[in-house]
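Please have the sequence and the model side by side as you read.

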Amino acid sequence: MLPPPKPLPNTTEPLPYIIIGDSAFGISNKVLRPYARSNLTKKKKIFNYRISRARRYIESTFGIMSNKFNIFHRPMNTALPNTITIVKACCVLHNFIRERDGYRVEDTLTVEGFQELQLNVNNNIVRTGDMIRDKFANYFVSPDGSVSWQDAIDSN
């Protein structure tokens, strides 16, 4: 379960916490994916770049964790509270081992990814997802949500 919606920094409208997917995922009010690659405006390019960067960071982190702990090589057949506890425990153990042993390049090697999530999405949810994605995109190009390096994306 995701936390309740919360305003982004320096805004008042609460936006939902989201799961970032790639173009293979359907868009919904819980899962956002990049805009389609054709006819992208600067705002859409910046949105795609920002969520793509976040997604790569998380994928890399989970790759490191799955190389260290075999529990991440298969689906966890546990109740959600136990799954959350297992993931948190692995994070704590990872940090402890990293502090004790230092950085090891073999811990950063990746393994095969997760199974693709299949979503059956009706039109109402898609419209809600599109609106949420547009709100995030607007925030990313606003003075409150922009970062200095994102404008370089428009030169590509």
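The largest nonpolar core holds 13 residues, and the ones that touch the most other members are L8, L32, F47, F136 and F140. Helices α1 and α3 (123–141) each supply at least two residues of this core, and the top contributor is α3, with 5 residues. Please keep in mind as you explore that this is a predicted model.

Leaving aside residues up to four places away in sequence, L32 touches I18, I19, I20, G21, I27, F47, G129, I132, R133 and F136. Two of these partners, F47 and F136, are also listed with L32 among the core residues that touch the most other members.

Now step back to the chain as a whole. There are 3 helices and 4 strands, and from the N terminus on they run β-β-β-β-α-α-α. The chain has 156 residues, of which 23% are buried. Among contacts with a separation of 6 or more, 61% are between residues 24 or more positions apart.

Helix α1 spans residues 42–68 and helix α2 spans residues 80–101; they pack at an angle of about 80 degrees, with axes 11 Å apart. An angle from 65 to 115 degrees counts as roughly perpendicular, and α1 and α2 are therefore roughly perpendicular to each other. On the α1 side, the residues that meet α2 are I64, M65 and K68, while α2 brings C90, C91, H94 and I97. Sorted by class, this contact has 5 nonpolar, 1 polar and 1 charged residues.

How many disulfides does a search of the whole structure find? The search finds 0. A disulfide calls for two cysteine sulfur atoms within 2.5 Å. The cysteine sulfur closest to that of C90 is in C91, 7.2 Å away, so the two are too far for a bond. Is C90 buried or exposed? With 6% relative accessibility, C90 counts as buried, whereas C91 is partly exposed, with a relative accessible area of 35%.

Next, move to the strands, and to P16 in the loop between β2 (14–15) and β3 (19–20). P16 and P4 are 12 residues apart in sequence, and their C-alpha atoms are 6.5 Å apart in space. Again not counting residues up to four places away in sequence, P16 touches P5, N29, I132 and F136.

Finally, check the backbone at two asparagines. N10, in the loop between β1 (6–7) and β2, has a phi near 65 degrees. N39 lies in the loop between β4 (31–32) and α1, and has a positive phi of about 55 degrees although it is not a glycine. Are these asparagines buried or exposed? N10 is exposed, with a relative accessible area of 62%, and N39 also counts as exposed, at 75% relative accessibility.

Definitions and conventions
Residues are numbered from 1 along each chain as its sequence is written. This is a predicted model: local features need pLDDT of at least 70, side-chain atom pairs count only at pLDDT 80 or more; totals for chains, interfaces and linings use all residues. Side-chain values use heavy atoms; hydrogens and water are left out. Axes are lines fitted to C-alpha atoms, for helices over the stretch in contact, and angles run from 0 to 180 degrees between N-to-C directions. Angles under 35 degrees count as roughly parallel, over 145 as roughly antiparallel, 65 to 115 as roughly perpendicular and the rest as oblique. Contact means heavy atoms within 4.5 Å. Ala, Val, Leu, Ile, Met, Phe, Trp, Tyr, Cys and Pro count as nonpolar, Asp, Glu, Lys and Arg as charged, and the others, Gly among them, as polar. A nonpolar core is a set of buried Ala, Val, Leu, Ile, Met, Phe, Trp, Tyr and Cys residues joined through side-chain atoms within 4.5 Å. Buried means under 20% relative accessible area, exposed over 50%, partly exposed in between (1.4 Å probe, protein chains only).
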